[in-house]
Amino acid sequence: MTKTRPIRIAPSLLSANFASLAEEIRKVEEGGADLLHIDVMDGHFVPNITIGPPVVQSLRAVTKTPLDVHLMIEHPEDYFEEFRQAGADILTIHWEVCHHLHRSIQVIKEKGMRAGIAINPSTPVQVLECMLSEVDQIVIMSVNPGFGGQRFIPFALSKIRTLRQMISQAGLDERVDILVDGGIKLDNCLEVIQAGANIIVLGSGIFYTSDPAATVRKVRGLIEMGVP
């Protein structure tokens, strides 16, 4: 069996109660969350507006859990330094908006952050072939970005399998994470992992439940039972 990086759970704060983010973070940390996924949207690249560096900085002050910041914005390179100063540990940018993707990834890494590339549902994974050795994670969007609570797009599973095969053939399984974002809940989290992902983002699947901490633990239990 191919040895991949550890399987991790990343609650998405997009679905949390913004009036009490510190408390929402405490709940998922109690359940054993590995990362906190933060969606930054600009109302241009995606049809929604969320948060910026000041909120990330406020979150950094209340948690030591790694902050996985997903930039769903146009001209993301204009904000790399601001998010570094705010405390981002991982910065992901979209293939669809970056004209000079290799250079942008290098800048993120030079600033001391882990670097990721995200692709939308309609973008084939093959466009990433030349960049696999340059990044720390690839994000497969399994919904169209912009809003939480959407249904998982089934063909994302074949994209995950193809990407895992590409990474394995390049000998990068222990270096590159596959993160899947969108529509993941208790009833489908295991098949996403079995397809080849090793980080799963859950938003409404965690924060819309009565006990987010217990839900994180349930997800962990499902993964541990289903993965040899």
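I9 lies in strand β1 (residues 8-11), where strands are DSSP runs of E of at least two residues and helices are runs of H or I of at least four, both numbered from the N terminus. The model is a predicted one, in which local features need pLDDT of at least 70 and side-chain atom pairs count only at pLDDT 80 or more, while totals for chains, interfaces and linings use all residues. Residues are numbered from 1 along each chain as its sequence is written, and side-chain values use heavy atoms, with hydrogens and water left out.

I9 is buried, with a relative accessible area of 0%; buried stands for under 20% relative accessible area, exposed for over 50%, and partly exposed for values in between (1.4 Å probe, protein chains only). Apart from neighbours within four places in sequence, I9 is in contact with A33, D34, L35, I200, L202, I206, V216, V219, R220 and I223, contact being heavy atoms within 4.5 Å. The C-alpha atom of I9 is separated by 5.8 Å from that of I199, a residue 190 places away along the chain.

I223, one of the contacts of I9, belongs to helix α8. I223 is buried too, at a relative accessible area of 5%. Its contacts, neighbours within four places in sequence left aside, are I7, I9, L190, I193 and I200. Between I223 and P11, which are 212 residues apart in sequence, the C-alpha to C-alpha separation is 15 Å.

Helix α8 (residues 212-226) packs with α1 at an angle of about 35 degrees, and the two axes are 7 Å apart. Here axes are lines fitted to C-alpha atoms, for helices over the stretch in contact, and angles run from 0 to 180 degrees between N-to-C directions. The contact is formed by K27, V28, E30 and G31 of α1 together with P212, A213, V216 and R217 of α8. Of these residues, four are nonpolar, one is polar and three are charged; Ala, Val, Leu, Ile, Met, Phe, Trp, Tyr, Cys and Pro count as nonpolar, Asp, Glu, Lys and Arg as charged, and the others, Gly among them, as polar.

In helix α2 (residues 53-60), the residues P53, V56 and L59 are buried. Viewed down the axis of α2, the buried residues fall within an arc of 120 degrees, so they line one face of the helix; the arc is that of the directions from the helix axis to the C-beta atoms. These buried residues pack against α1 (21-31), β2 (36-41), β3 (67-72) and α3 (80-86).

H75 is located in the loop between β3 and α3 and is partly exposed, with a relative accessible area of 48%. Although H75 is not a glycine, its phi is positive, at about 50 degrees. Most residues other than glycine have a negative phi. Q106, in helix α4 (residues 101-110), is likewise partly exposed, at 23% relative accessibility.

The protein chain as a whole has eight helices and eight strands. Its radius of gyration is 16 Å, close to the 17 Å that the globule rule gives for 228 residues, so the chain is as compact as a globular protein of that length. The radius is taken over C-alpha atoms, and the rule is 2.2 Å times the number of residues to the power 0.38. Buried residues make up 55% of the 228 residues. Among contacts between residues at least 6 apart in sequence, 67% join residues at least 24 apart.
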